[in-house]
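This briefing sets out the side-chain interactions of a single structure, grouped by topic. Please read it alongside the sequence and the coordinates shown here.

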Amino acid sequence: QVQLVESGGGLVQAGGSLRLSCAASGRTIRTYTMAWFRQAPGKEREFDIAISWSGGITYYADSVKGRFTISRDNAKNTVYLQMNSLKPEDTAVYYCAASTSARHQGPYDYWGQGTQVTVSS
């Protein structure tokens with residue numbers, strides 16, 4: 001089993017930045033595809049960004065290209081999401097997820113509890 005704990009969420013003004021962290025425990029995530037998803041109020045959870053197990057390949061939703069960056073530190077068993085140029089429409093709960101599949105489409109086997117990001121206009 002893998003436990004994922006997100007942190008770093010909060011309130012930020014439009015145009016600002018936040019860095020989310022996802023700390024894994026239970027087993028190493030070095031062979032997992034890791035991703036971040038978001039769920040806004042009243043909407044379905046949607047994919048934002050993912051990174052391959054090696055960190056060599058990343059996948060982006062169009063809505064975050066050029067603004068969000070995902071990275072991983074396998075030695076620390078941690079994944080990061082750097083969010084820049086935030087918009088009010090980025091307001092959501094952000095979830096970290098881990099997949100044993102090499103495909104960024106998943107399926108994703110493990111999920112964190114989420115961290116709230118609120119972007120004010």
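A salt bridge is counted here where a side-chain nitrogen of Lys or Arg lies within 4 Å of a carboxyl oxygen of Asp or Glu. By that rule R38 and E46 are joined through their side chains, with an N to O distance of 3.9 Å. The model is a predicted one, in which local features need pLDDT of at least 70 and side-chain atom pairs count only at pLDDT 80 or more, while totals for chains, interfaces and linings use all residues. Residues are numbered from 1 along each chain as its sequence is written, and side-chain values rest on heavy atoms, with hydrogens and water left out.

**Salt bridges**

- The structure contains five salt bridges, and a network of them links R38, E46, D48, R67 and D90.
- R38 is buried at 5% relative accessibility, whereas E46 is partly exposed at 36%; buried stands for under 20% relative accessible area, exposed for over 50%, and partly exposed for what lies in between (1.4 Å probe, protein chains only).
- R38 also forms a salt bridge with D48, where the closest N and O atoms are 3.0 Å apart, and both D48 and R38 are buried.
- Because D48 belongs to strand 5 (residues 46-51) and R38 to strand 4 (residues 33-39), this pair ties together parts that are ten residues apart in sequence; strands (E, at least two residues) and helices (H or I, at least four) are DSSP runs, numbered from the N terminus.
- D62 and K65 form another salt bridge, with 3.4 Å between the closest N and O atoms; here D62 is exposed, with a relative accessible area of 65%, and K65 is partly exposed at 49%.

**Nonpolar cores**

- The largest nonpolar core has 28 residues, of which L4, M34, W36, F68, L81, M83 and Y94 touch the most other members; a core of this kind is a set of buried Ala, Val, Leu, Ile, Met, Phe, Trp, Tyr and Cys residues joined through side-chain atoms within 4.5 Å.
- Two or more residues of this core come from each of strand 3 (18-25), strand 4, strand 5, strand 7 (68-73), strand 8 (78-83), strand 9 (92-99) and strand 11 (115-120).
- Another core, of five residues, lies apart from it and includes A35, A50, A97 and Y108.
- In soluble globular proteins, nonpolar side chains tend to be buried together.
- When residues up to four places away in sequence are not counted, L81 touches L18, R19, L20, W36, I49, F68, T69 and Y94, a contact being heavy atoms within 4.5 Å.

**Disulfide**

- There is one disulfide in the count, the criterion being a pair of cysteine sulfur atoms within 2.5 Å.
- The disulfide is formed by C22 and C96, whose sulfur atoms are 2.1 Å apart, and the link is left-handed, with -75 degrees about the S-S bond.
- C22 lies in strand 3 and C96 in strand 9, so that the pair links distant parts of the chain, 74 residues apart.
- Both C22 and C96 are buried.

**Aromatic pairs**

- F37 and F47 make an edge-to-face pair, at 5.6 Å centre to centre and with 80 degrees between the planes.
- Since F37 is in strand 4 and F47 in strand 5, the pair ties together parts that are ten residues apart in sequence.
- F37 is buried, with a relative accessible area of 10%, while F47 is partly exposed at 23%.
- Through ring pairs, F37, F47, Y108 and W111 are linked into a cluster.

- S99, in strand 9, is buried with a relative accessible area of 0%, and a polar atom of the S99 side chain lies 2.7 Å from the backbone oxygen of P107.
- With neighbours within four places in sequence left aside, S99 is in contact with Y32, T33, G106, P107, Y108 and D109.
- S21 lies in strand 3 and, not counting residues up to four places away in sequence, touches V5, E6, S7, W36, T78, V79 and Y80.
- The C-alpha atoms of S21 and L4 are separated by 9.8 Å, and the two residues are 17 residues apart along the chain.

Methods
Polar contact = N/O pair within 3.5 Å; in protein donor to acceptor, adjacent residues only side chain to side chain. Phe/Tyr/Trp six-rings, centres within 6.5 Å; stacked < 30°, edge-to-face > 60°.
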